[in-house]
Amino acid sequence: MASKAVPVCLNITQEQSEVPVWHQLQNNGSLDPGDIEIRYASTVDDMSNLSLEDNFSDEDNELQDEGTANFRLRRYQKELAEIALTGRNCIICAPTGSGKTKVSIKIILEHLKRVPNAKVAFFAKTVPLVMQQHQTIERHLPNYKVLNLTGKSKDSLLLHMLLPGYSVVVLSPTILVNHLCGKTPRLSEGIASFTLLVFDECHHTQKDDSYNDIMHYYLKEKRKGFSTSGTVLPQIVGLTASIGVEKAADLEAASANIMKICGNLDAEHLVIVKKNIDELREIVPRPVEYQEELVENTSTEIRSKITDIMNQLEKFAVHYAE
């Protein structure tokens, strides 16, 4: 007597179940709903597992109490977004607390409106930042589906299956790297699967960082001559409070490091606030720098004791030397 086949169990998320491919497989008979048990798991990591000591961004402080209906940019934020809204690659450099997340949401929103079948990737360096930025972006883009993916997500290797059902993906950079590497990448269209890439804390785009790995695939396609192959590369937008100058000891070395970061991100423009600098300083006061000379303190008890001991040792040394 033949043994009864054990039903196959597929573990997929609620988001995966909404992807058309699952319905197609069932409709064409490849999957039998009666023989296959589907368990649903949440793609959103458990926020209760995140430590309060994790570093969260304070960039969306002014977004906390602002609903979608009254989402407005300040004059200096409009200035920061101006270049990116034209579709050009750029790095937006503004102080912490100036609302760069708010600026990026405006850029993403206008991109989704302007570009047919737009797909946006927003990269953050840590799991807490991915979760925070996902909540912020999702709250202010209610008409678009926003997904988050980190290394802790159960479906972190299924971006290629989930992407068709979402307009925006907030993710750890290594997730995309894992889908671009190898002879047969999971994303069949490679880096061109997205139309806009937003790099939070983009000053990390150097050396062996995962941001730089992503840009390696971008620049590889660009060197191939993407325009002749029909591939359209995504727009690049970087966000940072300070690009940094590494160990530069002079202006020339500092400029070279900044140009290197711009080159790694294929950014034609480094955007800072100029016309509305007074408004920026009013919203985000600059720290006051001053120098104060340190006065030597000769009155401490410990100093006196150490001096006495050293004097005695010196006398002993002189005595025995004679």
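A word on the source. The model is predicted, so local features need pLDDT of at least 70 and side-chain atom pairs count only at pLDDT 80 or more, while totals for chains, interfaces and linings use all residues. Residues are numbered from 1 along each chain as its sequence is written, and side-chain values use heavy atoms, with hydrogens and water left out.

Helices first. Two packed helices are described by the angle between their axes and the distance between the axes. Helices here are DSSP runs (H or I, at least four residues), numbered from the N terminus. Axes are lines fitted to C-alpha atoms over the stretch in contact, and angles run from 0 to 180 degrees between N-to-C directions.

Take α4, residues 100-114, and α5, residues 127-140: they pack at about 50°, with axes 11 Å apart. That angle makes α4 oblique to α5; under 35 degrees counts as roughly parallel, over 145 as roughly antiparallel, 65 to 115 as roughly perpendicular, and the rest as oblique. The crossing of α4 and α5 is right-handed, meaning the near helix is turned clockwise from the far one by less than a right angle, with anticlockwise being left-handed.

Which residues of α4 meet α5? Thr101, Ile105 and Ile108 in α4 meet Gln133, Thr136, Ile137 and His140 in α5, where contact means heavy atoms within 4.5 Å. This contact has three nonpolar, four polar and no charged residues. Ala, Val, Leu, Ile, Met, Phe, Trp, Tyr, Cys and Pro count as nonpolar, Asp, Glu, Lys and Arg as charged, and the others, Gly among them, as polar.

Next, α7, residues 173-180, and α8: their axes come within 9 Å and cross at roughly 35°. This crossing is left-handed. Residues in the contact include Leu176 and Val177 of α7 and Ile214 and Tyr217 of α8.

Now the pockets. A pocket is an open set of points on a 1 Å grid over the protein atoms alone, where a 1.4 Å probe fits, with protein on both sides within 12 Å along at least five of seven lines; lining residues have an atom within 4 Å of a point. The largest pocket is lined by 19 residues, with Lys119, Glu189, Ala192, Ser193 and Thr195 nearest its centre. Its lining has nine nonpolar, eight polar and two charged residues.

What gives the most to the lining of the second largest pocket? Helix α8, residues 210-224, does, with four residues. That lining has seven nonpolar, four polar and four charged residues.

Technical notes: Helix = DSSP H or I, 4+ residues; strand = E, 2+ residues; numbered from the N terminus.
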